[in-house]
Amino acid sequence: MYIWVILATFLAILASYTLSVRPDMRELSVSRVAEATLGRLIVQHEAGITYVKYNKYPYLTSYNAVGYSPGIISDDNLLKEMPYGYVLDDNYTSQIFCMNEDLTVAYAAGEGSNPCDVPGRRKMLVTYGPIPTRWMNLAAAVQRPNADFLDALWSTVASRNEFGYMISAKPADVHASRENPSASDVQLATRSEEELVFVPKAVLQDSSFKKVCNLAENHVCLVYMTGI
């Protein structure tokens, strides 16, 4: 009996030293993993922006000519602009688009010509990729990121209003306008609730983009767009 009293006392002492679970434990674990996923896309996109920067004036002598062309930026060109030892994420693609004024047509590089050199063309860098299944709310009728991923997304993107995930635009917004010159029916859910950001039709119709990101097939993507 005496032994049991001593044992109970010892266990009570141990219990008194047990720390309570931190209220922000989920944020420190799950959200940080989600932020790392987002961070890889952001780093790759910013490397693409740096690549574009060094392939136009003043790094090229001609004011109008550019050293880049439409298409997917190669891994080698991206890695040159990334921190030493960085490993690219195969889920993400950085692609340059050279389009007409209303963003409905994307031009491909032809033999001996570069459509990005043509005056009046609108140029854009787009980095895109699927949202990992673990971060999706698969129970929803229309797939969308779960709460953990959304928390990480809004805390990571800061002022990046052209970075978000694809959603269907409201029918009332699907018309040619200043915000939506191509009358696209796909927009980005972004941090800003006031500014509407649409994915141009020329991007949506691109075969490389459509293969990975297609709302009609419930393939929801993260998309980061920057005019160049």
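Reader: Let's start with Gln-143: which residues does Gln-143 touch, not counting those up to four places away in sequence?
Author: Gln-143 touches Met-136, Asn-137, Leu-138, Asn-218 and Val-220. Keep in mind that this is a predicted model.

Reader: And where is Gln-143 found?
Author: Gln-143 sits in the loop between strand S4 (136-137) and strand S5 (144-145).

Reader: How far apart are Gln-143 and His-219, in sequence and in space?
Author: In sequence, Gln-143 and His-219 are 76 residues apart, while their C-alpha atoms are 8.2 Å apart in space.

Reader: Good. How confident is the prediction; what is the mean pLDDT of the chain?
Author: The mean is 85, and 83% of the residues reach 70 or more. Over residues 18-28, though, the pLDDT is below 50, and that stretch has 4 contacts in the model beyond near neighbours in sequence. Where pLDDT is low, the predicted coordinates should not be read in detail.

Reader: Noted. On to the strands: how many bridges join S2 to S3?
Author: Strand S2 (residues 93-99) and strand S3 (residues 122-130) are joined by 7 bridges and run antiparallel. Within that pairing, Ile-96 has Leu-125 in S3 as its bridge partner.

Reader: Which way does S3 pair with S8?
Author: Antiparallel, over 7 bridges, with strand S8 covering residues 221-227. There, Thr-127 stands opposite Tyr-224 in S8.

Reader: Now the backbone. Which residues are joined by a cis peptide bond?
Author: Tyr-57 and Pro-58, with omega at about 10°. Pro-58 belongs to the loop between helix H2 (25-53) and strand S1 (71-72).

Reader: What about phi at Leu-103?
Author: Leu-103 has a positive phi of about 65°, although it is not a glycine. Ala-183, not a glycine either, has a positive phi of about 55°. For context, most residues other than glycine have a negative phi, and most peptide bonds are trans.

Reader: Where are those two found, and are Leu-103 and Ala-183 buried or exposed?
Author: Leu-103 is in the loop between S2 and S3, and at 7% relative accessibility it counts as buried. Ala-183 is in the loop between strand S6 (163-168) and strand S7 (186-189); with 18% relative accessibility, Ala-183 counts as buried.

Reader: Last topic, aromatics! How many aromatic pairs are found?
Author: The whole structure has 6. One of them is Tyr-54 with Tyr-59, an edge-to-face pair at 4.7 Å centre to centre and 75° between the planes. For Tyr-57 and Tyr-63, the ring centres are 5.3 Å apart and the planes are at 65°, so this pair is edge-to-face.

Reader: Are Tyr-57 and Tyr-63 buried or exposed?
Author: Tyr-57 counts as partly exposed at 43% relative accessibility, and Tyr-63 counts as exposed at 65%.

Reader: And what lies over the face of Tyr-107?
Author: Arg-121 does, at 3.7 Å from the ring centre.

Note on methods. Residues numbered from 1 in each chain as written. Predicted model: local features only at pLDDT ≥ 70, side-chain atom pairs only at ≥ 80, totals over all residues. Heavy atoms only, no water. Pairing = 2+ DSSP bridges. Helix = DSSP H or I, 4+ residues; strand = E, 2+ residues; numbered from the N terminus. pLDDT = per-residue confidence, 0-100. Contact = heavy atoms within 4.5 Å. Buried < 20%, exposed > 50% of the residue type's maximum accessible area, 1.4 Å probe, protein only. Phe/Tyr/Trp six-rings, centres within 6.5 Å; stacked < 30°, edge-to-face > 60°. Lys NZ or Arg CZ within 6 Å of the ring centre and 35° of its normal.
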